[in-house]
Amino acid sequence: MFSIEVTNLKKNYGNLKAVDDISFKVKQGEVFGLLGPNGAGKTTTIEIMEGLRERDSGDIKILGLDPWKDGYEVHKKIGVIPQEFTFFEKTTPKEAIKYYASLFNVKVDADTILKEVLLDEKENHVFENLSGGQKQKTGLALSLVNSPEVLFLDEPTTGLDPNARRAIWEVIRRLKAKGKTIILTTHYLDEAQQLSDRVAIMDHGHIVAMGTTEEIIEQNGSGERLEIHGEKQLADYIQTNTELQVTYNETKGIITIPLKKKIDMLAALAAAEQSEMKWGEIQTHQDSLEDVFIKLVNEPLDEQKEEQQIEQKKNKKGRQ
Ligand SMILES: Nc1ncnc2c1ncn2[C@@H]1O[C@H](COP(=O)(O)OP(=O)(O)O)[C@@H](O)[C@H]1O
Ligand SMILES: [Mg+2]
């Protein structure tokens, strides 16, 4: 039923509460995404689940076992790719698989595993000559050597170009289709959304939202709203002549009306028509996962930080 159960997990580094009382369960065969900005506590959480790090308090069951107390048993049943995975430079993926198989004392068909991660044509290139995506695929191949039931993937596509990221997604989807339970950490919203059955959004050691992306949006988003480009008089007219809750953005010239019932849309448009005033573009808008993320997490995502830094540089140049 549940492959993973985490209850009231806590981990401090000195005074820093890296993981501050989080709980979640992951069903067998599920892809569970831990989404959050850098420093949220994702790696700490995943390393504790893998039995690589000791927790301060809380309860964890991985396939019914305690990853710290029963570490040896757990390691036999899980596959792991650490963040920023790397390997011996002069080793080919095939040699790496054989090496891992000997460590685990298992017999494997390296070609089958390479096919599973879509890496067959690169089997004879040494690690240092592989592309970023091929290196990550090698990591995935190694995580499969012991035929694990549960896979832990820590930022599997960070730093890869869009095509390579999609290739890794494809491999992860194939592994899910084979019934693996997968825990995935990422700071990419699209990755969490594309791959995960359920997502936990982490920030400063806390889980601030959890569920399917639809559930997270429904619970934390502001719901559907109607936006009409128009003058303040029109906003006032609609406000006075309907029961609707109207807000007006002076700078943008946009009238916003939350759509609580289907009929609200009709009422708003009828009032606008009746006013005989002009209006421009009309659209409905619903919060995306990104909108909700920005609301819940104080820190912007890394890409957004980068964009802001580029913006700031541009502005500086402009002023010189
Ligand atoms: N070994 C460590 N010693 C001290 N602080 C750490 C250690 N590992 C992580 N941290 C800190 O704990 C917080 C959570 O880190 P981490 O679990 O790596 O988050 P994430 O993977 O979400 O980026 C960060 O503030 C980080 O600097
Ligand atoms: Mg991390």
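Residues are numbered from 1 along each chain as its sequence is written, while chains are lettered from A and ligands numbered from 1 in the order in which they are written. In this predicted model, local features need pLDDT of at least 70 and side-chain atom pairs count only at pLDDT 80 or more, whereas totals for chains, interfaces and linings use all residues.

Visitor: What separation do the centres of domain 1 and domain 2 have?
Guide: The protein chain is divided into domain 1 (2-219) and domain 2 (224-285). These bounds come from an automatic or database domain assignment. Taken over C-alpha atoms, the centres lie apart by 47 Å.

Visitor: In the open sheet of three strands, what is the order?
Guide: The pairing is antiparallel; two strands pair if DSSP finds at least two bridges between them. Strands (E, at least two residues) and helices (H or I, at least four) are DSSP runs, numbered from the N terminus. S2 and S4 (57-62) are the edge strands, each pairing on one side only. The order is S2-S1-S4.

Visitor: How many bridges join S1 to S2?
Guide: S1 (residues 2-13) and S2 form a hairpin with two residues between them, and Gly14 in the turn has a positive phi of about 60°. Phe2 stands opposite Lys27, and Lys10 has Asp20 as its bridge partner. The strands run antiparallel, and the number of bridges is nine.

Visitor: Which residue in S4 is the bridge partner of Val6?
Guide: S1 and S4 also pair in the antiparallel sense, over five bridges. For Val6, the partner in S4 is Ile60.

Visitor: What angle does the direction of H1 make with that of S1?
Guide: H1 packs on the sheet and touches S1, S2 and S4. Contact here means C-beta atoms, placed from the backbone, within 7 Å. Axes are lines fitted to C-alpha atoms, for helices over the stretch in contact, with angles from 0 to 180 degrees between N-to-C directions. The angle is about 125°.

Visitor: Which element gives the most to the shell around ligand 1?
Guide: The surrounding residues include Tyr13, Leu16, Asn38, Lys42 and Thr43; a residue is near if its C-beta atom, placed from the backbone, lies within 6 Å. Strand S2 (16-27) and helix H1 (42-49) each give two or more residues. With three residues, the top contributor is H1.

Visitor: Which strands are the edges of the sheet of four strands?
Guide: This open sheet has the order S11-S12-S10-S13, with antiparallel pairing. Each edge strand pairs on one side only; they are S11 (247-249) and S13 (279-285).

Visitor: What angle does H10 make with S10?
Guide: S10 (residues 225-230) is joined to S12 (residues 254-258) by five bridges, with Arg225 opposite Pro258. H10 packs on the sheet, touching S10, S12 and S13. Its direction makes with that of S10 an angle of about 15°.

Visitor: Is Gln274 buried or exposed?
Guide: Gln274 is found in H10 (residues 262-275). A residue is buried if 20 or more other C-beta atoms, placed from the backbone, lie within 10 Å of its own, exposed if 12 or fewer, and partly exposed in between. Because Gln274 has 12 other C-beta atoms within 10 Å, Gln274 is exposed.

Methods: Contact = placed C-beta atoms within 7 Å.
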